[in-house]
Amino acid sequence: MSVVDISGVSKTFSGGTNALQSIDLTIEPGEFVSLIGPSGCGKSTLLRIMGDLIEPSAGAVVVNGKPARRARIDRDYGIVFQDPVLYDWRTVSKNIALPLELAGWDRKRRAARIREMLDLVELDGFANHHPWQLSGGMQQRVSIARALSFDPALLLMDEPFGALDEMTRERLNNQLLEIWTRSGSTVVFVTHSIAEAVFLSTRVVVMSPRPGRISSVLPIDLPQPRTAATREEPRFFELVTKVRDDLHLGADFDRQPERSSPEEARL
Amino acid sequence: MKRGTGRVAVFIVVLGSLWGLWEGYRSLWSHQGWTWPFVVDNTTMPHIYDIFAALGRPSQTGGPLLGSLLWHSALFTAKEAAVGFALGAVVGFALGVLLAHSKLAQRGLLPYVVASQTVPILAIAPIVVIYLGSLQVTAWVSVAVIAAYLTFFPVTISTLRGLTSADRRALELMRSYATGPWQILWKLRVPSALPYIFTALKVSATASVVGAIIGEAPSSIQNGLGGEIVVFNQYYTLDPTKLWATNIVAAVLGITFFLVVVVAEKLVVRRAPEHVA
């Protein structure tokens, strides 16, 4: 059974913006799928539709074999936003425990899981710190721990490392892959960065704007486990070039003659 | 420790300066014979040491010391104000929650909540006293209700504002956990609202003391600070220091209420330093 099954999904916002048009996408268990595309291509919208945070105008979304709404109510997915969205008044432990409290876990079970999660994201010494005492990268790790704390089958990530510097981002990319391998969950990952998408994913979904649609789906055949050395392999660069070409194909009409885009600058 | 010493030093310096200003103004005006904006003498501006000395003299011939009398009056007024403050805070908070959760209630009730504060407390107080008195309620409880009347309004407005201040993405996160409105209220909205609510409680804390003092007059309560103020007002030209001393005691009571709220805020609100109001 697929983890996510999207068929014929379109979204038109009340202002008349056609954010998504006839999206079909199936995601299998254990996959790491990145959605990449320029601003306005609807990738974050698509992610939110998977999480039933917004409703599609047309089409159906099935998560874990049930309608997206049911899946949300059953807490089948964890979500990580671009900002960590931690609660200032809660310590790191208490932030991680939030979904567990809401799910009615007892204190003892919560404490055990918090320890596991702190270990997973390597924040053991920070259990009693408050969010504002942590760096941006650490805060985002807390947010990941919170999303994974209740063992969701699906992890939705909306540009989780977009606000971080390049070095922190690469380190967190490596950590995320380790976490993904260990937890065995399925990940849907929205990003602006070609290198990040290629490095992390088993599949990259390239989207184009106006209206948002899928222009291509590229399987990433880089061997697992991926390490810092993966970023230097010729195959990595080939795939990066391929994703970039597909991106420009989709956005051809507004391309500048000098071919400078943020994605290229980042590499 | 060092910071504590610094604070005490600032407090003493400011207090000393105020004392100096008062006495300096007094001596300058009386030596020069200036009469603008008012004549300065022992009636209009008694010496500060006279005011404090009054606390150590009998309040009337054969009576208790003024200090001891005011101490007991202050305790009595504090009881009224504290009960009123608690009542007003609870009602104000509950009303804020109601208004935050229903646009209909907000549209229907908010104008009257605002209107309630435009009516002078002096006009409301006798009505409260007469009404509650007819229900055989003890007089001081009426005064507490009057204090609550002044307390609830800032709390309602700030609770409403605070509850709706919760971060949009934090709400989205709660939605992703399929959280019900009740849990969203207690786990997200109320904690987000606490800094706003405490700001309101600081305003309300002093307002409740004022409310209690004002409420004592129409309730004919003699044993609170309000009662003393009425009496000493009548004898002002005879001995102004008694009224001044009472005012100082009332101010100290208000400041005490304020400080209690400040301490409670420090204990309750855990927030990034830049967010603390």
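**Figure 1. Helix α5 of chain B in the predicted model.** Helix α5(B) runs over residues 121–134 and has 14 residues. From its first C-alpha to its last it reaches 20 Å, close to the 20 Å expected at 1.5 Å a residue. The buried residues of α5(B) are B:Ala125, B:Val128 and B:Val129. They lie on the same side of α5(B), because they cover an arc of only 100° around the axis. An α-helix has 3.6 residues a turn, so residues three or four places apart point the same way. The face turned away from the buried side carries the exposed residues B:Ala123, B:Ile127, B:Ile130, B:Tyr131 and B:Ser134. After the helix comes B:Gln136, which has a positive phi, near 65°.

**Figure 2. The contact between chain A and chain B.** Chain B gives 16 residues to this contact, and chain A gives 16 residues. On the side of chain B that touches chain A, the elements that give two or more residues are α7 (168–176) and α8 (181–216) of chain B. The most comes from α7(B), with six residues. Sorted by class, this side of chain B has six nonpolar, four polar and six charged residues.

**Figure 3. An open sheet of four strands in chain A.** The strands follow the order β2-β1-β4-β5, and their pairing is antiparallel. At the edges are β2 (18–27) and β5 (66–67) of chain A, each of which pairs on one side only. Within the sheet, strand β1 (residues 4–12) is joined to strand β4 (residues 58–63) of chain A by five bridges. One place to look is A:Val4, which stands opposite A:Val63 in β4(A).

**Figure 4. Helix α3 of chain A and what covers it.** Helix α3(A) spans residues 92–102, and eight of its 11 residues are buried, so the helix is largely enclosed by the rest of the structure. The buried residues are A:Val92, A:Ser93, A:Asn95, A:Ile96, A:Ala97, A:Leu98, A:Pro99 and A:Leu100. What covers them includes two other helices of chain A, α4 (107–120) and α5 (136–148). Following α3(A) is A:Gly104, with a positive phi near 80°.

**Figure 5. A:Thr91, in the loop between β6 and α3 of chain A.** Strand β6 of this chain covers residues 77–80. Apart from its neighbours within four places in sequence, A:Thr91 is in contact with A:Ala127, A:Asn128, A:His129 and A:His130. A:Pro131 is 40 residues away from A:Thr91 along the chain, but the C-alpha atoms of the two are separated by 6.7 Å.

**Figure 6. Strand β8 of chain A and its partners.** Strand β8(A), residues 186–191, is mostly covered: six of its six residues are buried. In a regular strand the side chains alternate between the two faces of the sheet. In β8(A), A:Thr186, A:Val188 and A:Val190 point one way, while A:Val187, A:Phe189 and A:Thr191 point the other way. Strand β3 (residues 32–36) of chain A pairs with β8(A) in the parallel sense over five bridges. Here A:Ile36 has A:Thr191 as its bridge partner. Strand β7 (residues 154–158) of chain A also runs parallel to β8(A), and five bridges join the two. In this pair A:Met157 stands opposite A:Phe189. Together with helix α6 (residues 166–183) of chain A, β7(A) and β8(A) make a right-handed β-α-β unit.

**Figure 7. The hairpin of β9 and β10 in chain A.** Strand β9 (residues 203–208) and strand β10 (residues 213–219) of chain A run antiparallel and are joined by six bridges. A:Ser208 has A:Arg213 in β10(A) as its bridge partner. Four residues lie between the strands of the hairpin, where A:Arg210 takes a positive phi near 50°.

Notes: Residues are numbered from 1 along each chain as its sequence is written. Chains are lettered from A and ligands numbered from 1 in the order in which they are written. This is a predicted model: local features need pLDDT of at least 70, side-chain atom pairs count only at pLDDT 80 or more; totals for chains, interfaces and linings use all residues. Two residues are in contact if their C-beta atoms, placed from the backbone, lie within 7 Å. Ala, Val, Leu, Ile, Met, Phe, Trp, Tyr, Cys and Pro count as nonpolar, Asp, Glu, Lys and Arg as charged, and the others, Gly among them, as polar. Two strands pair if DSSP finds at least two bridges between them. A residue is buried if 20 or more other C-beta atoms lie within 10 Å of its own, exposed if 12 or fewer, and partly exposed in between; C-beta atoms are placed from the backbone. The expected span of a helix is 1.5 Å times one less than its number of residues. The arc is that of the directions from the helix axis to the C-beta atoms. A crossover is right-handed if, with the strands pointing away from the viewer, the path from the first strand over the helix to the second runs clockwise.
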